[in-house]
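Please read it alongside the sequence and coordinates shown here.

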Amino acid sequence: MNVNIPREILKSALMSEQKGMNDAYSFGLNKLSATMNLYSEAALGYSYSFNDNFQVGAKLKYLYGHAALRTDFKNMDLRISKDEWRFDGEGKIEAAVPGLQIVKDEEGKFDDVEFNDDMSASDFAKSSGTGVAMDLGITYQAFDCLKLSASILDLGFIHWKNNVQSLRKSGDFVYDGISYDIHQRDTA
């Protein structure tokens with residue numbers, strides 16, 4: 001799992017301390033992203049020693065994908081004022097998660113996200129995709145007290161083919177709060 005949170009989000013949490021509440025604030029959220037891959041692997045590796053000081057190795061892996069999620073935001077801005085929060089930009093979410101359903105309306109626009117509550121751990125054991133990867137490594141014993149090593153890990157891919165959902169959204173979204181009259185009571 002990898003999550004990138006831009007510092008502008010932390011600035012938005014502290015905005016009322018920096019300026020008066022009547023001012024508007026603008027934050028760029030282009031670096032906001034999340035990537036998650038859940039997979040199992042079966043591997044076969046081999047290493048070879050050229051001499052006492054120099055060794056190379058490789059591992060070939062078969063990847064069995066269970067679930068994946070990836071987000072990508074472009075030109076995403078958040079403008080905050082005392083009256084509203086306005087998100088503007090474009091974003092994309094791609095997911096291959098068992099039991100997840102992105103619901104779209106008649107025009108193909110985002111409507112809702114539903115998750116099957118009847119899912120069990122065994123449903124995640126089923127394949128949502130497969131792939132291959134390789135690891136490469138090298139070690140060199142420079143001195144008795146110093147061993148140098150370098151490696152390339154997880155060089156490969158998973159092709160997600162089952163449970164794949166995708167959503168693209170561009171434009172703006174305005175959140176202007178929730179109105180509730182404390183004096184209004186439910187008489188039923």
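The points below cover the fold, the salt bridges, the nonpolar core, the pockets and some individual residues.

The model is a predicted one. The protein chain contains three helices and 10 strands, and 19% of its 188 residues count as buried. Five salt bridges are present in the structure.

**Overall fold**

- Starting at the N terminus, the order of elements in the protein chain is β-α-α-β-β-β-β-β-β-α-β-β-β.
- Among contacts in the protein chain with a separation of 6 or more, 64% involve residues 24 or more positions apart.

**Salt bridges around lysine 61**

- Lysine 61 pairs with glutamate 41 in a salt bridge whose closest N and O atoms are 3.6 Å apart.
- Because lysine 61 belongs to strand β4 and glutamate 41 to strand β3, this pair ties together parts that are 20 residues apart in sequence.
- Lysine 61 also forms a salt bridge with aspartate 135, and here the closest N and O atoms are 3.1 Å apart.
- Aspartate 135 lies in strand β8 (residues 129-143) and lysine 61 in strand β4, so this pair links parts that are 74 residues apart in sequence.
- Lysine 61 has a relative accessibility of 3% and therefore counts as buried, the cut-off being under 20%.
- Aspartate 135 is likewise buried, at 11% relative accessibility, whereas glutamate 41 is partly exposed, with a relative accessible area of 41%.

- Lysine 92 forms a salt bridge with glutamate 94, with the closest N and O atoms 3.8 Å apart.
- Lysine 92 is buried, with a relative accessible area of 15%, while glutamate 94 is partly exposed at 27%.
- Through salt bridges that share partners, Glu41, Lys61, Asp135 and Asp154 are joined into one network.
- Side chains of opposite charge can pair when their charged atoms come close.

**Nonpolar core**

- The largest nonpolar core consists of six residues: Tyr25, Phe27, Leu29, Met76, Leu78 and Ile80.
- Strands β2 (25-28) and β4 are the elements that give two or more residues to this core.
- The most is given by β4, which supplies three residues.

**Largest pocket**

- The largest pocket holds about 380 Å³ of space.
- Its lining is formed by 19 residues, and those closest to its centre are Phe73, Met76, Gly91, Lys169 and Phe173.
- Two or more lining residues come from each of β4 (54-80), β5 (85-96) and β10 (164-175).

**Second largest pocket**

- The second largest pocket has a volume of about 240 Å³.
- Its lining has 13 residues, and Ala68, Leu69, Arg70, Glu94 and Trp160 lie nearest its centre.
- At least two lining residues are supplied by each of β3 (33-49), β4, β5 and β10.
- The lining of the second largest pocket divides into seven nonpolar, four polar and two charged residues.
- Glu94, one of the residues nearest the centre of this pocket, is also the salt-bridge partner of lysine 92.

**Glutamine 165**

- Glutamine 165 is located in strand β10 and is buried, with a relative accessible area of 15%.
- Apart from neighbours within four places in sequence, glutamine 165 contacts Ile93, Glu94, Ala95, Leu100, Gln101 and Ile102.

**Residues with positive phi**

- Aspartate 154 is not a glycine, yet has a positive phi of about 55°.
- Aspartate 154 is found in strand β9 (residues 146-160) and is partly exposed, with a relative accessible area of 43%.
- Aspartate 154 is also a member of the salt-bridge network with Glu41, Lys61 and Asp135.
- Asparagine 163, also not a glycine, has a positive phi of about 60°.
- Asparagine 163 sits in the loop between β9 and β10 and is partly exposed, with a relative accessible area of 35%.

Notes: Residues numbered from 1 in each chain as written. Predicted model: local features only at pLDDT ≥ 70, side-chain atom pairs only at ≥ 80, totals over all residues. Heavy atoms only, no water. 1 Å grid on protein atoms, 1.4 Å probe; cavity = no way out; pocket = protein on both sides within 12 Å on 5 of 7 lines; lining within 4 Å. Points joined across faces, edges and corners; volume = space filled by probe spheres on them. Helix = DSSP H or I, 4+ residues; strand = E, 2+ residues; numbered from the N terminus. Nonpolar A, V, L, I, M, F, W, Y, C, P; charged D, E, K, R; others polar. Buried < 20%, exposed > 50% of the residue type's maximum accessible area, 1.4 Å probe, protein only. Contact = heavy atoms within 4.5 Å. Salt bridge = Lys/Arg side-chain N within 4 Å of Asp/Glu carboxyl O. Core = buried A, V, L, I, M, F, W, Y, C linked by side-chain atoms within 4.5 Å.
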